[in-house]
Amino acid sequence: MVENRPVLNVITHLVLIIGIVIVALPIWITFVASTHDAVRMTQAPIPMLPGTHFWENFSQTLLGSGLSGTETAPVWRMLLNSLTMALMIALGKIAISLISAFAIVYFKFPFRMLFFWLIFVTLMLPVEVRILPTFEVVADLGMLNSYWGLSIPLIASATATFMFRQVFLTIPDEMLESARIDGAGPLRFFWDILIPLSRTNIAALFVILFIYGWNQYLWPLLITTDTDMTTIVMSIKQMLEAAEQSPQWNIIMMTALLAMLPPVFVVVAMQKLFVQGLTETDK
Amino acid sequence: MASITLKDLVKAYGDTEVLHHVEGEISDGEFIVVVGPSGCGKSTLLRMVAGLETVTSGTICIGDKVVNQLEPADRDIAMVFQNYALYPHMSVRENMAYGLKIRKISKDEIARRVEEAADILELRPYLERKPRQLSGGQRQRVAMGRAIVRNPQVFLFDEPLSNLDAKLRVQMRLEIRKLQQRLGVTSIYVTHDQVEAMTLGDRLMVLNGGYVEQFGTPIELYDRPATTFVAGFIGSPAMNFLPATVSAGMATLGNGARLANAGAANGAVTLGIRPEHLLQDDAGPVRVTVELVEQLGANSLLHGKLEGTDIEMVVSQPGHMSAAAGTVMGFVPANGALHLFHAETGKRIEP
Amino acid sequence: MLKRVHFPRSALPYLLVAPQILITLVFFIWPASQAVYQSFLIEDAFGLSTEFVWFENFELLVDDEQYLQSFGRTIFFSAAVALLSMSAALVLAGFADRVVRGATAYRTLMIWPYAVAPVLAGALWVFMFNPTLGIFPFLLDMVGIDWNHYLNGTHAMMLVIFAAAWKQIAYNFLFYLAAMQSIPRSLIEAAAIDGAGPVRRFVDHIFPLISPTTFFLLVINAVYAFFDTFGIIHAVTQGGPANSTTILVYKVFNDGFVGLDLGGSAAQSVILMVLVIAMTVVQFRFIERKVEY
């Protein structure tokens with residue numbers, strides 16, 4: 001800080017605390033709602049302080065049938081589906097982007113630029129703008145209601161490819177020359193030198209992509225009709241609909257809490273990597 | 001160990017030729033320094049020998065084998081890079097062992113060779129460290145070690161000392177020379193530093209604009225430079241060049257001064273005299289208007305102009321010396337110290 | 001773009017790019033071209049025959065009052081989300097930049113909404129604004145406002161804007177803070193010595209210096225509001241009441257999957273694609289410029 005003005009310092013912290021309250025309020029209310037019983041959650045105004053039913057709601061949501069009166073998969077099953085999908089998307093994106101960036105940076109081959117532009121195109125066509133035809137393709141391939149259908153159409157990634165390309169370009173040329181004199185072939189160089197040298201970038205990207213995968217909504221909504229394939233993020237919408245008949249806000253909010261916990265945990269626990277990943281992918 | 005033969009070697013990028021018909025025979029165990037200003041093609045030449053650049057035409061032989069089409073790994077060479085190119089995620093030991101591991105040499109043998117090299121280079125205490133935990137000089141040694149363990153036929157050095165500070169550079173220069181003499185491995189060393197070139201090389205190849213200007217021992221280059229470029233590049237401070245006309249063994253300078261013993265040339269020439277070959281003589285024919293004297297202790301450098309002209313001159317005199325700006329001093333060239341070059345082509349004219 | 005040296009020519013690079021290219025062709029290029037093709041077709045009411053009609057679908061859209069309203073609504077929604085979220089983030093980052101100790105702690109507490117899925121963000125806000133139970137309608141009632149986003153279109157729009165902007169604050173905050181922290185201290189100190197107070201420094205120096213970030217975030221936020229907010233709309237309002245929150249991406253989904261108007265939905269897809277491509281180009285122009293300095 002350039003100068004020391006006590007009043008300004010107080011204002012600074014005050015503003016930041018108000019900011020945090022605003023940012024955190026929805027999550028606080030969710031948490032509070034998940035700690036009361038169903039009856040309390042039908043009386044206005046809803047409580048602002050935690051109650052005593054957290055574990056009860058927790059076990060009913062996670063292990064029990066979840067919301068009564070609806071036909072959904074158990075919450076643990078949905079969490080598992082989400083985890084599988086998020087991991088498949090994140091790891092798949094990283095794997096195919098790493099190898100294609102490797103090819104584009106370290107090889108000179110006919111149609112290289114064509115491939116580069118083809119990859120670039122994926123950046124311009126988010127799922128939302130080509131919903132129907134993509135759905136038809138996946139249906140034709142018999143990939144509805146499967147983990148493959150949930151993940152593979154989402155794992156082409158221009159951003160990840162560009163990021164790895166950027167990373168590889170900053171690795172000195174002498175690394176490759178030295179490895180070639182040492183007798184390392186392309187795959188050996190990739191595995192022994194490039195991967196270890198980009199591991200923090202890989203980790204940072206993983207954080208971002210895991211969140212991206214976990215939070216997918218429209219795509220799973222379209223291609224899963226089987227309740228066993230429902231993801232946790234999707235289930236919230238179904239619960240909100242059910243709430244219009246029989247409001248069990250304690251269970252809905254507990255489910256919401258469980259749905260946001262893994263990505264929030266990843267962001268907070270790996271904050272440094274997360275910030276790095278975010279700023280790098282959007283460069 | 002092996003000899004290296006470069007035959008009619010050409011490198012071109014598209015239509016631009018950057019190396020023109022380079023010829024050279026390097027015998028087994030010889031230490032060759034390729035020297036020249038930046039952009040002269042010296043690194044390209046080295047990288048062609050390494051196999052990192054393709055050969056446009058001509059051949060490179062290592063031993064009796066033409067290696068033009070061989071992968072770098074199959075040429076039995078080792079290279080030390082300017083920025084060392086150590087693998088940052090591997091320890092010193094792993095860095096040195098990597099090439100051997102790929103060649104599927106047994107673990108015991110790798111350990112033995114790495115430790116032997118570490119002993120030679122005094123790297124033993126640092127074997128388990130990562131490159132970033134080492135000083136510049138130590139990294140340089142690791143890069144050397146990586147070359148040594150391979151026990152190759154040829155060492156290639158690409159300006160390996162240019163990232164070090166001046167004092168360390170002198171020290172490492174000596175170490176490289178001693179090491180090469182001890183191991184007797186044929187070496188090619190690229191640098192732009194003529195002092196490094198003179199002190200290290202058995203023979204020097206001077207490159208300029210993609211042409212070999214001269215290829216010979218340091219003393220040959222100093223005593224009988226083949227061109228004005230070599231004459232100006234080798235030796236410090238640089239040789240003085242004075243335009244002159246010669247007839248009947250007598251050279252006439254621009255200001256009318258006449259010098260004897262100018263050899264067999266005739267007509268317009270460029271006359272070269274090294275600063276250290278001008279001896280003070282009040283009646284001497286070379287008269288210099290002093291502008292500044294640099295006192296270096298062991299000797300003094302006198303900067304000025306040839307009297308009555310705009311031609312810059314430097315004279316080196318042993319011991320201390322002082323002269324006020326504007327004084328005119330006379331000098332006479334030492335015996336046999338005049339170099340004559342063709343005025344247009346810059347080629348040496350033998351006396 | 002490419003390394004000075006590369007590996008010798010072989011089939012390997014083709015194998016390496018194959019997975020990515022294959023997925024791009026099957027799931028991106030092919031569906032996108034299908035969308036373009038379908039946008040030129042009209043299917044009769046029973047789905048028995050299709051007719052190639054060139055630009056008729058687009059002409060229908062241009063004449064469609066609802067579509068035009070949706071377009072305008074999307075622009076309003078995006079502008080509101082970007083403005084709200086970016087200005088909140090700017091203020092918070094400006095203050096956080098002043099904090100010497102504990103800046104990381106503030107950052108940690110500020111960034112987590114990023115991890116919350118849009119549909120969850122929608123669920124949280126819809127709960128807080130639940131007309132019978134929610135905490136905000138309860139408070140608003142005290143000042144005489146009868147909140148009901150199920151019936152009142154303006155209320156519904158405000159609610160989705162709040163939810164969308166809230167989720168994006170974290171992202172904007174991180175980029176603004178990083179931009180401010182990369183301004184050399186000496187520059188700010190020089191301004192202080194010239195007599196500029198904190199507010200003056202922010203207005204005269206910090207804000208102009210971070211203007212590239214502002215522009216970048218503007219594009220990113222627009223893309224976010226256009227496409228990533230589907231989950232929020234779907235969870236909170238389903239486009240209602242009376243289409244008052246039907247933004248373009250929701251309409252594509254709704255007309256295609258619910259209304260089964262294939263040609264119309266495809267034409268809308270094509271328009272959206274053109275929009276994304278335009279935004280991506282703008283974004284890349286900006287990145288190129290950033291690379292130059």
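1. Contact between chains A and B. In this predicted model, 14 residues of chain A are in contact with 17 residues of chain B, two residues being in contact if their C-beta atoms, placed from the backbone, lie within 7 Å. On the side of chain A that touches chain B, α8 and α9 (186-197) of chain A each supply at least two residues, and α8(A) provides the largest share, 7 residues. Helices here (H or I, at least four residues) and strands (E, at least two) are DSSP runs, numbered from the N terminus. By class, this side of chain A has 7 nonpolar, 2 polar and 5 charged residues; Ala, Val, Leu, Ile, Met, Phe, Trp, Tyr, Cys and Pro count as nonpolar, Asp, Glu, Lys and Arg as charged, and the others, Gly among them, as polar.

2. Conventions. Residues are numbered from 1 along each chain as its sequence is written, while chains are lettered from A and ligands numbered from 1 in the order in which they are written. As the model is predicted, local features need pLDDT of at least 70 and side-chain atom pairs count only at pLDDT 80 or more, whereas totals for chains, interfaces and linings use all residues.

3. Contact between chains A and C. This contact takes 78 residues from chain A and 85 residues from chain C. Elements giving two or more residues to the chain A side include α1 (6-33), α3 (75-106), α12 (232-243) and α13 (249-269) of chain A. Of the elements, α1(A) gives the most to that side, with 12 residues. The side of chain A that touches chain C has 59 nonpolar, 10 polar and 9 charged residues.

4. The nonpolar core. The largest nonpolar core has 269 residues, and A:F102 and C:L120 are those with the most contacts inside it. Such a core is a set of buried Ala, Val, Leu, Ile, Met, Phe, Trp, Tyr and Cys residues joined through C-beta atoms within 7 Å. A residue is buried if 20 or more other C-beta atoms lie within 10 Å of its own, exposed if 12 or fewer, and partly exposed in between, with C-beta atoms placed from the backbone. Helix α7 (residues 153-181) of chain C contributes the largest share of this core, 19 residues. Domain 1 (4-231) and domain 2 (237-342) of chain B both give residues to this core, so it lies between them. Leaving aside its neighbours within four places in sequence, C:L120 is in contact with A:V233, A:I236, A:A256, A:A259 and A:M260.

5. Chain B. The chain is divided into domain 1 (4-231) and domain 2 (237-342), with bounds that come from an automatic or database domain assignment. The centres of the two domains, taken over C-alpha atoms, are separated by 39 Å. UniProt, in an unreviewed entry, lists residues 4-234 of chain B for "domain: ABC transporter"; UniProt positions are given in the numbering used here, feature names are shortened, and annotations may be inferred rather than shown by experiment. Over residues 4-234 the chain is 37% helix and 26% strand, with the end C-alpha atoms 25 Å apart.

6. The unreviewed UniProt entry lists several residue ranges of chain A as "transmembrane region", among them 7-31 and 189-212. Residues 7-31 are 100% helix and 0% strand, and their end C-alpha atoms are 34 Å apart. Residues 189-212 are 96% helix and 0% strand, with end C-alpha atoms 30 Å apart.

7. Helices α5 and α7 of chain A. The buried residues of α5 (residues 131-140) are A:I131, A:L132, A:P133, A:T134, A:F135 and A:V138. This helix is followed by A:G142, whose phi is positive, near 70 degrees. At 1.5 Å a residue, the 13 residues of α7 (residues 158-170) should span 18 Å, and the end C-alpha atoms are 19 Å apart, which agrees; the expected span is 1.5 Å times one less than the number of residues. Buried residues of α7(A) include A:F162, A:F164 and A:F168.

8. A buried loop residue. A:I46 is found in the loop between α1 and α2 (54-62) of chain A. A:I46 is buried, with 22 other C-beta atoms within 10 Å. Leaving aside its neighbours within four places in sequence, A:I46 is in contact with A:A33, A:M41, C:L133 and C:I135.

9. Chain C. The secondary structure comes to 13 helices and 2 strands, and buried residues make up 45% of the 293 residues. Along its principal axes the C-alpha trace spans about 75 × 75 × 30 Å. The unreviewed UniProt annotation "transmembrane region" covers, among others, residues 75-96 and 108-136 of chain C. Residues 75-96 are 100% helix, whereas residues 108-136 are 59% helix.
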